[in-house]
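Dear colleague,

I am handing over the structure we spoke about, and I would be glad if you could look through it with the notes below beside you.

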Amino acid sequence: MSDQPRRPRRPAKPYRRPKKDPVRILAFEALRAVDERDAYANLVLPPLLRKARESEGPEKFDARDAALATELVYGTLRRQGTYDAIIAACVDRPLREVDPPVLDVLSLGAHQLLGTRIPTHAAVSATVELARVVLGDGRAKFVNAVLRKIAQDDLDGWLERVAPPYDEDPEDHLAVVHSHPRWVVSALWDSLGGGRAGVEELLRADNERPEVTLVARPGRATTDELLTEEAAVPGRWSPYAVRLTEGGEPGAVQAVAEGRAGVQDEGSQLVALALAAAPVEGPDRRWLDACAGPGGKAALLGALAAERGAVLLASEKQPHRAGLVAKALAGNPGPYQVVAADGTRPPWRPGSFDRVLVDVPCTGLGALRRRPEARWRRRPEDLDGFAPLQRGLLRTALESVRVGGVVGYATCSPHLAETRAVVADLLKQFPDAELIDARPLLPDVPDLGDGPDIQLWPHLHGTDAMYLALLRRTA
């Protein structure tokens, strides 16, 4: 037995419970819902924030908490591609081998370090505490190690390291720097038909937080009423638009709560206004919205139709979305009807309408500002899935309008396969139709393209990238 005295044991550190941060926990829950359930952040986040604002005790949110949680969720989703490239450079395994919840926490931390003004030490410590709460102490150590590597450089420094040089691979460079899938960068570049400057401006605009835009539904609300709201300014192009420059809760606006106004991007308003302004030959009494869900364009068209003594039929295939359309149209100043019907096999007779709007299902690449997660979910093969439906709906719309009437083909996508290619194919199959130059119908809106169709852009117009082609039935 040794005579050496035993070294006294170092006392074990007392266990410290992780500090719960309600804001970051909520942001993590929203990201998990987006990842696990294919949910959309703009649908998941509002009820989570509402519950947090209505709760009692220390977890109750104030306006600053809600703003931070919103920034963490949307900022992380918008820059996901960039953060993935940076995180990949800081871990010793492929990202696909990192558990998704761990990757969500790392992405939240990366956004705080590289995309916000949160001090470095606070961003690291708060994210590690979040990891301890939602992942456990073991994986929190991994998170801590990775975030400390990320914190060694700023965003520009990291981009120099992880993005390929522009001269060697322009599309991949822009994809990493501006956080878009490569195929989306390529498609947007083709749609713009311009050089590097234009596509970079568009990609930057996709990563900016869009303003909330309201529409004053004619005969039910006025822009003057909406302009009394805090930080409200007139729209840029639509006479019915009002922008809330500091965000805010649209549901708190009385006219919105009562259904007399709604939340509607100005690009969607312009599509409806252009169709309503298009000249038709003969009577102008029956209008159709053939893909009406969830009802924003239908509500505006219904109000415009009522001003002229016309009737709107709003058709939507999905019954629950038809219910949303009925809710949006409730209180319309003139007659209207809502039906749940398949727009490719309609219950109405051919040639029944004077004006038809068909806003077709699409990839949604024109609304990446509002639904940033869509850029990561969509795949090039999705275009093939939408193509038959888009062509079928436009064909039925052309059959549904009478001779001398007008059809508006709209998509919330600038992808050429969903816009001009569809219209060109249908014109070949349907010789009794002709394109109308839509640009003069929006005389105050610049940069609408070479025509006769219209393409709106986030970086040029501050709207979603809505597309519109107007076709007149000639025989």
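Helices (H or I, at least four residues) and strands (E, at least two) are DSSP runs, and they are numbered from the N terminus. With that naming, Asp 342 lies in the loop between strand S7 (336-340) and S8.

Please keep in mind that this is a predicted model, in which local features need pLDDT of at least 70 and side-chain atom pairs count only at pLDDT 80 or more, while totals for chains, interfaces and linings use all residues. Residues are numbered from 1 along each chain as its sequence is written, and side-chain values use heavy atoms, with hydrogens and water left out.

How is strand S5 paired? Two strands count as paired if DSSP finds at least two bridges between them. Strand S5 (residues 286-289) runs parallel to strand S6 (residues 311-316), and 4 bridges join them; within this pair, Leu 288 has Leu 313 of S6 as its bridge partner. S5 also pairs in the parallel sense with strand S8 (residues 353-359), over 3 bridges, and here Trp 287 stands opposite Arg 355. Together, S5, helix H15 (residues 296-307) and S6 make a right-handed β-α-β unit, where right-handed means that, with the strands pointing away from the viewer, the path from the first strand over the helix to the second runs clockwise.

The loop between S5 and H15 holds Pro 294, which is joined to Gly 293 by a cis peptide bond with omega of about 0 degrees. Gly 295 is placed in that loop too, and it counts as buried because its relative accessibility is 1% (buried means under 20% relative accessible area, exposed over 50%, and partly exposed in between, with a 1.4 Å probe and protein chains only). Leaving aside residues up to four places away in sequence, Gly 295 touches Val 325 and Ala 328, where contact means heavy atoms within 4.5 Å.

An unreviewed UniProt entry carries the annotation "binding site" for a set of residues including Gly 293, Pro 294, Gly 295 and Asp 342; such annotations may be inferred rather than shown by experiment. Asp 342 is buried, with a relative accessible area of 16%, and its side chain makes a polar contact with the side chain of Thr 344 (2.8 Å). A polar contact is a pair of N or O atoms within 3.5 Å; within protein, one must be able to donate a hydrogen and the other to accept it, and residues adjacent in sequence count only if both atoms are side-chain atoms.
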